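Open the structure in your viewer and keep the selection panel at hand. The tour goes stop by stop: what to select, then what is there.

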Amino acid sequence: AHQPKVEANILLLGAENVGKSALTVRFLTRRFIGEYGSIESIYTHHDKIDGRDICFNIWDSICPQNIEELGHISDRQLQWSDGFILVYSICDRPSFEVVRRQVQHIRQAQQKLSSSAPLIIVGNKRDLQHRRAVSSEEGRLLALSADCDFFEISAAEAYHGVLMVFHELLELIREARALK
Ligand code: GDP
């Protein structure tokens, strides 16, 4: 029988300069370009996974710069999203704190909306080990405390890790829908 298409709205969050665009472009084109514009966009990407047609809508968001809004996610973004990817850079401690606040914000908002869209925390730039400022353990613990998945990857070095993040999130989204 023909299986209906699966649509997944994915919101990318995190501080500026952590590699959100690099991750998105890597997933869409398998390439790493190195320089990315700073425009906020929603990309649509069609894929076939396990014989099933999948449509990813990926919102590469821009982090508000003023301190009061840091970690804030709009209601529109929360309502739009089936799943979240929260990105920090392993060599940028403040970017890890931004993810911590964003995770808290989402989990609190979800309790009110009784929503359970899944979250994945990503420590990017794993290739820059010599500049590491956030240990893998800290990333894992944050993920554990908020019931999220966790990956450390390098969008610059490899396609594989990026692919894993998106596929894992899709799997979690489908599980969350099945439970409704
Ligand atoms: P965004 O502001 O979060 O969208 O970040 P960008 O995707 O624009 O990336 C910011 C900078 O980090 C760019 O110069 C990228 O080339 C660089 N970058 C992104 N991912 C990686 C990575 O995995 N390793 C390294 N070394 N640099 C990266």
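Start by selecting helix 1 and helix 5 (residues 160-178); their axes come within 9 Å and cross at roughly 90°. Helix 1 and helix 5 are therefore roughly perpendicular to each other (the term covers angles of 65 to 115 degrees). Axes here are lines fitted to C-alpha atoms over the stretch in contact, and angles run from 0 to 180 degrees between N-to-C directions. Helices are DSSP runs of H or I with at least four residues, strands are E runs of at least two, and both are numbered from the N terminus.

A word on the model before moving on. This is a predicted model: local features need pLDDT of at least 70, side-chain atom pairs count only at pLDDT 80 or more, and totals for chains, interfaces and linings use all residues. Residues are numbered from 1 along each chain as its sequence is written.

Now show the side chains at the crossing. L23, R26 and F27 of helix 1 meet V162, L163 and F166 of helix 5 (contact: C-beta atoms, placed from the backbone, within 7 Å). By class, this contact of helix 1 with helix 5 has 5 nonpolar, no polar and 1 charged residues.

Stay on helix 5 and pick H160. H160 is exposed, with 10 other C-beta atoms within 10 Å. Exposed means 12 or fewer such atoms, buried 20 or more, and partly exposed in between, with C-beta atoms placed from the backbone.

Next, the ligand. Of the 16 residues around the ligand, G19, K20, S21, A22 and A156 come nearest (a residue counts if its C-beta atom, placed from the backbone, lies within 6 Å). Helix 1 (residues 20-29) gives the most to this shell, with 3 residues.

Select helix 4 (residues 136-145). Which of its residues are buried? They are G139, L142 and A143. Seen down the axis of helix 4, the buried residues fall within an arc of 100°, so they line one face (the arc is that of directions from the helix axis to the C-beta atoms). Their cover includes helix 3 (93-113), strand 5 (119-124) and strand 6 (149-152). On the face turned away sit the exposed E137, L141, L144 and S145.

Last stop: D147, in the loop between helix 4 and strand 6. Its phi is positive, near 55°, in a residue other than glycine. D147 is exposed, with 11 other C-beta atoms within 10 Å.

Technical notes:
Two residues are in contact if their C-beta atoms, placed from the backbone, lie within 7 Å. Angles under 35 degrees count as roughly parallel, over 145 as roughly antiparallel, 65 to 115 as roughly perpendicular and the rest as oblique. Ala, Val, Leu, Ile, Met, Phe, Trp, Tyr, Cys and Pro count as nonpolar, Asp, Glu, Lys and Arg as charged, and the others, Gly among them, as polar.
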